[in-house]
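Good morning, and thank you for joining this group meeting. I would ask you to look at the sequence and the model on the screen while I speak.

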Amino acid sequence: MNSENFTLSEKIVSPSYIRQGSQARRSHEQLIRHLLEQGKCPEEGWSESTIELFLNELAVMDSNNFLGNCGVGEREGRVASSLVARRHYRLIHGIGRSGDIAAIQPKAAGSSLLNKLTNSVVLDILKLAGVRSVASCFVVPMATGMSLTLCFLTLRHRRPKARYIIWPRIDQKSCFKAMITAGFEPVVMENVLEGDELRTDLEAVERKIDELGAENILCVHSTTSCFAPRVPDRLEELATLCAKHNIPHIVNNAYGVQSSKCMHLIQQGARVGRIDAFVQSLDKNFMVPVGGAIIAGFDESFIQEISKMYPGRASASPSLDVLITLLSLGASGYKKLLSERKEIYLFLAQELKSLASAHGERLLHTPHNPISLAMSLDCLQAENEKAVTQLGSMLFTRQVSGARVIPLGKEQTISGHTFRGFMSHSEVYPCPYLNAASAVGITREDVTLCIKRLDKCLKTLKKESIWSYATDLKLDQSVCKDVKKALIYY
């Protein structure tokens, strides 16, 4: 209510009570005023009542919620289900206008304000996470792969003769298909093995630039966040190469916002060389539903150019989800989540190393990967070649999600390109392994339960392998019984 309505209320209820209610209302409005003034993530998180008040205030500014609205067009924010309307806080018009996702909608001042504030708050969080010189960003209602495609299509207008994208290999389908979908030819650069780690082959990249000609290369497409034993690309060196040859540089930073190391690499790459845009997922970094990404960069005009490439209006759901999340967490809450993730990474590494040792395996040494870990499965494969893939299915059926079991020699063809050793990021990685990651939101309980179930699965597979070996030897019945008793004890 406004001040006039509060004054009128004093005629109905005791003025002292109304004044108390008015002060409570002002405390909510003070938080909203600071957000509108500063455009930054509040230091402390808001209560749900403040967030809902704010969203309702935005919603009544949209034409579909005007009390006397008379809509005679084809897009009037009509919603058949009240459940759907409530799910979206009656913010129905989406964001942008036909032809520009960043434009203001005359019919939807509230939704337009939501869009601008979300982009501003997210920019503040990217700076807080480590990329302090980022100039601009926007939330796009597409996941990481399609958002990368949008970046490549924007570069097409700047480099119409280019047909190649140089891509240090990472075995993840969507980032490869993003280049194909945009109509370009990925040039896959195999990684080099340094100890256990797979790292960027800088010499091969430079040779390929000289071979193809810089003018024929749309961009270098590098990666930060990835599954061990692959580690983040050498971003500083790649950025320097791109600046030297005047080649654009797009970074796939899918779940890298949660890692200070990944964000530092982007900051340093932009400082010493060239990074045109970096793309990150909303769900992986901010714990919201799948369906949104952030496209960010250091040249505001180029980021605006990408946003204008998006055809038509867009769903406001990803913007709404991430704004609600960041307002509820506050900057301090998000920083706490990032700190907890780092601590649990160390705990996961310690637990995985102990388990590996107990089963004759080892934790692969991948110090340059700040999120993902890998444990060898050499002994398991030596006992039974099928046991490695069997382990993956056993973990899945025991509700251990996210752990990836990587056998040797798998092949996968994607859009005509055959990857040998697929999922291991290399044609010749020396051992099979299991992945586990410490991502934002993980708990110590998750790690403890995973290790317990993994240990049980490995023991079960060993039992099956020993029993199979004993029966293959065709030992007499009494010896087989003794073996079976020993396995039960084990």
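Lysine 284 sits in helix H11; helices here are DSSP runs of at least four residues, strands are DSSP runs of at least two, and both are numbered from the N terminus. In UniProt, an unreviewed entry lists Lys284 under "modified residue: N6-(pyridoxal phosphate)lysine". UniProt positions are given in the numbering used here, with feature names shortened, and annotations may be inferred rather than shown by experiment. Lysine 284 counts as partly exposed because its relative accessible area is 37%; buried means under 20%, exposed over 50%, and partly exposed in between, with a 1.4 Å probe and protein chains only.

Please note that this is a predicted model, in which local features need pLDDT of at least 70, side-chain atom pairs count only at pLDDT 80 or more, and totals for chains, interfaces and linings use all residues. Residues are numbered from 1 along each chain as its sequence is written, and side-chain values use heavy atoms, with hydrogens and water left out.

Let me turn to the other annotated positions. The unreviewed UniProt entry gives the feature "binding site" at Arg271, Arg398 and Lys463. These positions are spread over 193 residues of sequence and are also spread in space, with up to 55.0 Å between C-alpha atoms. Arginine 271 belongs to helix H10, residues 260-272, and counts as exposed because its relative accessibility is 58%. Lysine 463 is found in helix H16, residues 444-472, and counts as partly exposed because its relative accessibility is 28%.

Next, the overall division of the chain. There is a domain 1 (1-38), a domain 2 (109-330) and a domain 3 (334-477), with bounds that come from an automatic or database domain assignment. Between domain 1 and domain 3, the C-alpha centres lie 57 Å apart.

Which domains contribute to the lining of the largest pocket? Domain 2 and domain 3 each supply at least three residues to that lining. The largest pocket holds about 940 Å³ of space. Its lining is made of 42 residues, and those closest to the pocket centre are Ser401, Gly402, Ala403, Ala437 and Ala439. Two or more lining residues come from each of helix H6 (144-158), helix H7 (173-181), helix H11 (282-286), strand E14 (433-437) and H16. H16 gives the most, with six residues. By residue class, the lining of the largest pocket has 21 nonpolar, 15 polar and six charged residues.

A word on the terms is needed here. On a 1 Å grid over the protein atoms alone, a pocket is an open set of points with protein on both sides within 12 Å along at least five of seven lines, whereas a cavity is a set of points where a 1.4 Å probe fits but cannot get out; lining residues have an atom within 4 Å of a point. Grid points are joined across faces, edges and corners, and a volume is the space filled by probe spheres set on the points. Ala, Val, Leu, Ile, Met, Phe, Trp, Tyr, Cys and Pro count as nonpolar, Asp, Glu, Lys and Arg as charged, and the others, Gly among them, as polar.

The second largest pocket has a volume of about 320 Å³. Of its 19 lining residues, Ala102, Lys116, Asn119, Ser136 and Cys137 are the closest to its centre. Helix H5 (109-128), strand E1 (136-140) and helix H12 (300-309) each give two or more residues to this lining, which divides into nine nonpolar, six polar and four charged residues.

I close with the salt bridges. Side chains of opposite charge can pair when their charged atoms come close. A salt bridge is a side-chain nitrogen of Lys or Arg within 4 Å of a carboxyl oxygen of Asp or Glu, and by this rule the count is 17. One of them joins lysine 107 and glutamate 76, with their closest N and O atoms 3.1 Å apart. Lysine 107 lies in the loop between helix H4 (82-87) and H5, and glutamate 76 in the loop between helix H3 (48-59) and H4, so the pair ties together parts that are 31 residues apart in sequence.

Another salt bridge links aspartate 233 with arginine 230, the closest N and O atoms being 2.9 Å apart. Aspartate 233 is buried at 1% relative accessibility, and arginine 230 is buried at 0%.
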